[in-house]
Amino acid sequence: KEIKLFAPATVANVAAGFDILGFALEKPGDEIIIKRSNTPGIRIINQSSFTSMPLAPEKNTSGVALQAFLNHLESKQGFEITFLKKVKPGSGIGSSAASSAAAVFGANELLDRPLSTKDLVIFAMEGERCASGSAHADNVAPALLGGFVLIRSYRPLDIVPLPTPEQLYCSIIHPQIELKTEDARKVLRKQITLQDAITQWGNTAGLIAGLFMEDYGLIGRSLQDVIIEPIRSVLIPGYENMKEAAMTAGALGCNISGSGPSLFAFSTSSDKATHIAESMQKVCSSLNIDSDIYVSRV
Ligand code: HSE
């Protein structure tokens with residue numbers, strides 16, 4: 001028995017919600033086939049276009065996540081995972097998370113669902129620890145559960161799915177520069193001022209209220225980050241110009257996707273979202289940086 005799975009790319013942080021907020025995109029995403037094997041151990045086969053993926057299960061994010069899940073179940077079941085498509089690593093749209101989510105979700109299905117999807121988050125987080133040195137859940141939780149997800153607490157883990165307004169569209173630009181999450185975390189300040197904390201939690205709460213109230217204006221004005229964005233945006237060439245282009249093209253708001261280098265922008269129609277993505281891409285092209293763009297409903 002084997003199953004083919006799609007695991008979506010995700011946008012983590014969503015401006016003010018560093019490590020606690022994320023949402024899933026309709027596309028792009030990873031495609032894998034997972035099957036049980038008769039021999040113990042995890043075997044990874046890469047048929048995607050990204051040749052640099054480690055195949056040793058203890059170095060592969062999905063291998064690590066799956067092993068954590070199997071350890072919890074005290075299962076010696078062997079699995080084979082074949083990657084058909086892979087979100088580009090180092091993109092800022094949850095490449096490692098998609099792999100980890102797909103592996104644990106698929107294995108749970110093949111073992112006749114011993115755990116709920118929500119309970120799988122903690123194992124997929126081990127894949128993130130392997131990829132970036134930090135077991136954050138703001139990519140893996142939405143990759144597993146879909147939609148917007150809040151991580152209310154890490155200890156203990158408290159995952160809260162949030163509603164997604166009907167007309168919310170997301171534009172993504174992925175400039176072809178590699179930014180490692182591990183490095184983009186090292187540069188962050190460990191201490192912040194009370195004034196910044198007040199601004200930040202106002203915006204986090206505003207965004208969540210906006211999702212519940214389907215208030216697109218409130219969602220847009222809450223997409224501000226006074227703590228992380230000022231530091232990380234410096235690592236993304238043309239960041240301010242791309243953001244300005246998105247806003248001029250009608251975005252509700254725009255910010256860094258995860259740890260970058262991708263940017264995301266919200267809008268209320270597919271046409272607007274396409275126009276916004278193309279406007280950001282023009283800026284990137286003017287800097288001679290290649291980029292991919294995606295438009296997706298949230
Ligand atoms: N919250 C994480 C970070 C997401 O910003 O470092 C990484 O994709």
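1. Helices here are DSSP runs of H or I with at least four residues, strands are runs of E with at least two, and both are numbered from the N terminus. The structure is a predicted model, in which local features need pLDDT of at least 70 and side-chain atom pairs count only at pLDDT 80 or more, while totals for chains, interfaces and linings use all residues. Residues are numbered from 1 along each chain as its sequence is written.

2. The length of H3 (residues 117-132) agrees with expectation, because its 16 residues should span 22 Å at 1.5 Å a residue and its end C-alpha atoms are 23 Å apart; the expected span is 1.5 Å times one less than the number of residues. Just after H3, Gly-133 takes a positive phi of about 80°.

3. Twelve of the 16 residues of H3 are buried, so the helix is largely enclosed by the rest of the structure. A residue is called buried if 20 or more other C-beta atoms lie within 10 Å of its own, exposed if 12 or fewer do, and partly exposed in between, with C-beta atoms placed from the backbone. The buried residues of H3 include Phe-123, Glu-126 and Glu-128, and the buried set packs against helix H1 (61-73), helix H2 (95-110), helix H4 (140-145), strand S6 (157-162) and helix H5 (181-186).

4. Within H2 lies Ala-102, which counts as buried because it has 30 C-beta neighbours inside 10 Å. Leaving aside neighbours within four places in sequence, Ala-102 is in contact with Leu-5, Ala-7, Asp-30, Ile-32 and Ser-62, where contact requires C-beta atoms, placed from the backbone, to lie within 7 Å. The C-alpha atoms of Ala-102 and Ala-143, which are 41 residues apart along the chain, are separated by 8.2 Å.

5. On the overall fold, the protein contains ten helices and ten strands, and 51% of its 298 residues count as buried. Its radius of gyration of 19 Å agrees with the value near 19 Å for a compact globule of 298 residues; the radius is taken over C-alpha atoms, and the globule rule is 2.2 Å times the number of residues to the power 0.38. Among contacts between residues at least 6 apart in sequence, 72% join residues at least 24 apart.

6. An open sheet of four strands has the order S8-S9-S7-S10 with antiparallel pairing, two strands being paired if DSSP finds at least two bridges between them. Strand S8 (253-256) and strand S10 (291-297) stand at the edges with a single partner strand each, so one side of each is left without a neighbour in the sheet. Strand S7 (residues 169-175) and S10 pair over seven bridges, with Pro-175 opposite Ser-291 in S10. S8 and S9 are joined by four bridges, and Gly-253 has Phe-266 in S9 as its bridge partner.

7. S8 and S9 form a hairpin with six residues between them, and Gly-258 in the turn has a positive phi of about 55°. Pro-261 is found in the loop between these strands, and a cis peptide bond with omega of about 5° joins Gly-260 to Pro-261. A cis peptide bond also joins Lys-27 and Pro-28, with omega about -5°, and Pro-28 is found in strand S2 (residues 21-37).

8. Arg-113 has a phi of about 55° in the loop between H2 and H3, and counts as exposed because it has 10 C-beta neighbours inside 10 Å. Glu-214 has a phi near 50° in the loop between helix H6 (194-213) and helix H7 (216-221), and is partly exposed, with 14 other C-beta atoms within 10 Å.

Definitions and conventions: Contact = placed C-beta atoms within 7 Å.
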